[in-house]
Amino acid sequence: MGVIEADLAARPRPGRVVDLLTLLRPLHSVKSLLLVPLPLLEAGHWTLTALAQAAWAVAGFVLAGACVYVGNDLADRHRDRLHPVKRHRPIAAGRVSVRAAHLYRTVLVVLLALIVAAGPGRPYWPLLAYLVLNVAYSRSLKHVPLVDVGAVALGFVLRVVQGYAAIGTPISGWLVVTVFSLSLLLIVGKRRRELLESGPDHRPALRGYSVELTGHLLQFAAVLSAVAGLVYVRTEAPLGPYGPGALVLATPFVLFALFRYLQVVLVDGGGGDPVRGLLGDRGLAVTALGLALVLGTAFVLARHPALAAVLLR
């Protein structure tokens, strides 16, 4: 028995239900939940209809993401066994059979189809585009350096676009650029960590990267994220006359958040799991809270001129 097989055999075996839930990456559902408030804010009203449409978009993308995760674990099970962390995933570890995983994914696809069929009638092309993109990613794009990170980042953009399509509100071009560049930042940070941990044996596309290149890509993506995000706040965010003030106050928070993330990746050796890293870092959490307070205050004042007149007189 090899070292990997012995290690897997020695680990305690979770229950079947836990394994099936693990395949869905429940923590990563936050990706969909965090992006839904943006279109609701743009719409300017939180009616039951708007909330129901947003919930439909969330449910659709959570299920679509679950289908993608199970499919990727099936396709990557042999490479995952070479990774120090991913080899413990249920399929790679042999706790969920390939046949059971295929059946599980089929059930998820049926549920997704039911969600789409019972939806509010809004366009769902971003959801379909997300599924097509991920099929192409799993089959070929994931092996093409640079294209692989762009494809994953585009998936985040499609989440946001679906939220706006569900609400029926047009989306800002600068917001699209911001989401895309921020996603690139997180994904390149993850690739850098994978490069340092396991090299190209686990992910062949890493042969097209180097530690130096990922450092440059992180800097470029960080600059683009800052510029696009601040331009969005100043020009197209629903902040009315308070956009310029929000820009000034938000700039330190935006820059510190980006600086802190670069520090986590380049100095502390983090970035391997962007979701856990963002949710677990106190510096980023406090900065996000401050930024939300600034933008939220500007948004409330813009929506309620009478309140603004009382507070700012």
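Student: Among contacts in the protein chain between residues at least 6 apart in sequence, what percentage join residues at least 24 apart?

Tutor: Contact here means heavy atoms within 4.5 Å. Counting contacts between residues at least 6 apart in sequence, the share that joins residues at least 24 apart is 75%.

Student: What should I know about the model before going on?

Tutor: This is a predicted model, where local features need pLDDT of at least 70 and side-chain atom pairs count only at pLDDT 80 or more, while totals for chains, interfaces and linings use all residues. Residues are numbered from 1 along each chain as its sequence is written, and side-chain values use heavy atoms, leaving out hydrogens and water.

Student: How many helices are there in the protein chain?

Tutor: Helices (H or I, at least four residues) and strands (E, at least two) are DSSP runs, numbered from the N terminus. The protein chain has zero strands, and its helices number 15.

Student: Is arginine 25 buried or exposed?

Tutor: Arginine 25 lies in the loop between α2 (16–23) and α3 (30–35). Buried means under 20% relative accessible area, exposed over 50%, and partly exposed in between (1.4 Å probe, protein chains only). Because its relative accessibility is 15%, arginine 25 counts as buried.

Student: With which side chain does the side chain of arginine 25 make a polar contact?

Tutor: Leaving aside neighbours within four places in sequence, arginine 25 is in contact with Tyr69, Asp73 and Arg89. A polar contact is a pair of N or O atoms within 3.5 Å; within protein, one must be able to donate a hydrogen and the other to accept it, and residues adjacent in sequence count only if both atoms are side-chain atoms. At 2.9 Å, the partner side chain is that of aspartate 73.

Student: Is valine 85 buried or exposed?

Tutor: Look for valine 85 in the loop between α6 (77–80) and α7. Its C-alpha atom is separated by 9.8 Å from that of serine 198, 113 residues apart along the chain. Since relative accessibility is 54% for valine 85, this residue counts as exposed.

Student: Over residues 96–117, how far apart are the end C-alpha atoms?

Tutor: UniProt, in an unreviewed entry, lists residues 96–117 among those for "transmembrane region"; such annotations may be inferred rather than shown by experiment, with positions in the numbering used here and feature names shortened. Over residues 96–117 the chain is 91% helix and 0% strand, and the distance between the end C-alpha atoms is 30 Å.
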